[in-house]
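This briefing is for a reader who is meeting the structure for the first time. Please look over the sequence and the model before going on to the points below.

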Amino acid sequence: MARVLSLFRPLPLLALVGRRKPALCKMSMDSRAREVFAAAVEAVQPDTVVRQSIERKEDSVIIDGHKFTLKHNLHLVGFGKAVLGMAAEAERIVGDHLVKGVISVPHGIQQTLQQHRKGHLLLKENSRIKVMEGAKHNLPDADAQNAAEGIRQLASELTEKDLLLVLISGGGSALLPAPIPPISLQEKLDVTRKLAAAGATIQELNTVRRALSVLKGGGLAHHAHPAQVVALILSDVIGDPLDLIASGPTVKSKVWPEEVLSILEHYKLLDSLPASVKDVLGRPGPRWKENKDESDSPAHVLNAVIGSNSVALKCAGRRARELGFRPVVLSPGVCGDVKSVSRLYGLLARFASSREEPPPEIAAELLRLGPEVGVETWDLCRTMQVLDEMRTEGWGATCLLAGGEPTVELTGKGRGGRNQELALRVGLELGSLNLPPNGPVFLSGGTDGQDGPTEAAGAITDGGLCDEARSQGLDIDNFLINNDSYTFLSRLSAGKRLLVPGLTCTNVMDVHMLLIPAVPINIK
């Protein structure tokens with residue numbers, strides 16, 4: 001292990017962190033984990049991120065370092081699960097200059113927010129923003145298509161004197177369906193579903209979606225030209241790639257029919273294409289003619305990511321420090337199968353909890369697993385170095401934070417989601433370690449408050465999971481085979497390990513947390 005860590009120079013972070021131990025906290029490890037998760041979710045609330053990103057100065061606003069003049073020339077559009085709250089805050093800040101707005105939001109969201117007493121995320125009764133609900137069950141539908149048409153029409157009427165504020169969050173793609181005529185919405189859905197079933201990559205799927213869409217892949221920004229376009233984006237995609245979030249309606253991307261036909265041919269779907277799709281793909285050149293002053297990086301478009309998994313982890317780290325932990329962020333891009341991800345966290349827990357220098361085999365396996373789960377080798381080495389110095393120098397308890405979106409291979413028909421299954425599997429990995437408060441605790445939770453088709457966002461586990469299950473006659477392996485983590489966790493000790501935050505009104509993927517208490521060490 002020492003050989004691995006010696007390859008890297010000491011981190012500036014370590015020199016900056018004081019040696020004073022955090023104040024002791026009397027809360028349980030479980031309670032502190034829930035507090036840290038709540039801080040992560042609070043940091044990316046739709047109204048919070050908008051308020052922090054728009055600086056109002058008299059008749060102008062500063063967004064991402066750029067100044068824009070307001071002369072009763074502001075128009076607003078938006079689409080996504082968190083956009084209603086984003087729009088409400090935007091109207092509070094710049095509503096006196098707002099001319100008109102249209103937003104596409106999930107079916108039933110206004111009633112749901114009212115029921116959960118989230119009135120601050122609702123528009124005022126006299127709002128100039130029209131709310132259109134659609135995409136029932138998170139699928140594009142006729143209501144969402146009508147909303148998309150309303151957004152397209154508003155954008156198309158703008159002039160060079162206008163400013164278009166675009167609000168985007170997760171779920172925006174389903175809420176902005178606008179197939180190129182004569183393609184019907186159902187025909188477009190059928191093509192993308194067949195591609196997905198054939199094993200197409202997310203990049204290939206997005207290439208095809210953009211080619212068949214009026215607004216995706218920069219289409220919205222194109223229709224708004226020559227107006228100034230400013231997009232505020234709440235990201236739910238690993239790495240925050242602007243062209244993938246809601247399929248990039250404000251991010252110009254050239255799509256050529258030849259490229260799309262090549263993808264469809266590769267997956268043997270050319271012969272089954274509807275006549276309308278063949279018609280659109282048979283047209284020469286790009287989807288639209290460029291305006292004279294449009295370029296590959298048009299000056300009239302500003303895209304700003306104002307909320308992301310990284311933002312959530314940063315604020316979670318602050319709360320962890322307040323609760324007596326030294327925060328360490330591993331990565332905001334954890335992905336891959338939950339079996340591999342759970343193994344990674346189990347190894348990190350063993351590494352950080354070791355009373356003696358950890359066996360070199362642990363570091364070797366961590367470095368091997370990293371690429372499988374989206375964690376860079378540098379991030380793993382940096383994390384191991386920090387954990388090693390915290391352990392050997394007696395810096396106290398540690399909070400290891402990460403985020404992302406692992407996947408689950410479905411082998412059964414049970415209820416649950418990736419966060420609950422990950423928590424279960426990590427609990428199995430922690431079986432050889434001490435129980436809290438002397439042993440580690442793991443939490444995995446979805447920031448959207450839902451994990452699969454359940455009321456839970458995730459769960460909290462530790463090394464006592466197996467014995468607890470055994471004493472209650474529950475076979476963990478059988479539940480995992482059936483992907484039935486929610487049923488297992490509901491029955492285990494009356495569901496005390498479930499994480500149920502309720503309606504969160506946001507989504508920046510998942511938060512993973514490993515709380516590791518201070519460990520007495522033996523230095524040889």
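S1 and strand S2 (residues 60–63) pair in the antiparallel sense over 3 bridges. Two strands count as paired if DSSP finds at least two bridges between them, and helices (H or I, at least four residues) and strands (E, at least two) are DSSP runs numbered from the N terminus. This is a predicted model, in which local features need pLDDT of at least 70 and side-chain atom pairs count only at pLDDT 80 or more, while totals for chains, interfaces and linings use all residues. Residues are numbered from 1 along each chain as its sequence is written, and side-chain values use heavy atoms, with hydrogens and water left out.

**Domains**

- The chain is assigned domain 1 (44–176 + 214–250 + 299–307), domain 2 (179–212 + 253–293) and domain 3 (310–516); such bounds come from an automatic or database domain assignment.
- Between the C-alpha centres of domain 2 and domain 3 the distance is 39 Å.

**The antiparallel sheet**

- An open sheet of 3 strands runs in the order S1-S2-S3, with antiparallel pairing.
- Strand S1 (55–57) and strand S3 (66–69) are at the edges with a single partner strand each, so one side of each has no neighbour in the sheet.
- Lysine 57 has serine 60 in S2 as its bridge partner.

**The parallel sheet**

- Another open sheet has 6 strands in the order S6-S5-S4-S7-S8-S9, and its pairing is parallel.
- Its edge strands, S6 (129–134) and S9 (301–307), each pair on one side only.
- Within this sheet, strand S7 (residues 163–168) and strand S8 (residues 228–234) pair in the parallel sense over 6 bridges.
- Valine 229 in S8 is the bridge partner of leucine 164.
- Helix H4 (residues 46–53) packs on the sheet and touches S8 and S9, and its direction makes about 130° with that of S9. Contact means heavy atoms within 4.5 Å; axes are lines fitted to C-alpha atoms, for helices over the stretch in contact, and angles run from 0 to 180 degrees between N-to-C directions.

**Helix packing**

- H4 also packs with helix H5 (residues 83–94) at an angle of about 35°, their axes being 7 Å apart.
- In this contact, Pro46, Asp47, Val50 and Arg51 of H4 meet Gly85, Met86, Glu89, Ala90 and Ile93 of H5.
- Helix H9 (residues 202–211) has buried residues Leu205, Asn206, Thr207, Val208, Arg210 and Ala211, where buried means under 20% relative accessible area (1.4 Å probe, protein chains only).
- Helix H8 (185–197), helix H11 (257–266) and helix H12 (275–281) are among what covers the buried residues of H9.

Conventions:
Buried < 20%, exposed > 50% of the residue type's maximum accessible area, 1.4 Å probe, protein only.
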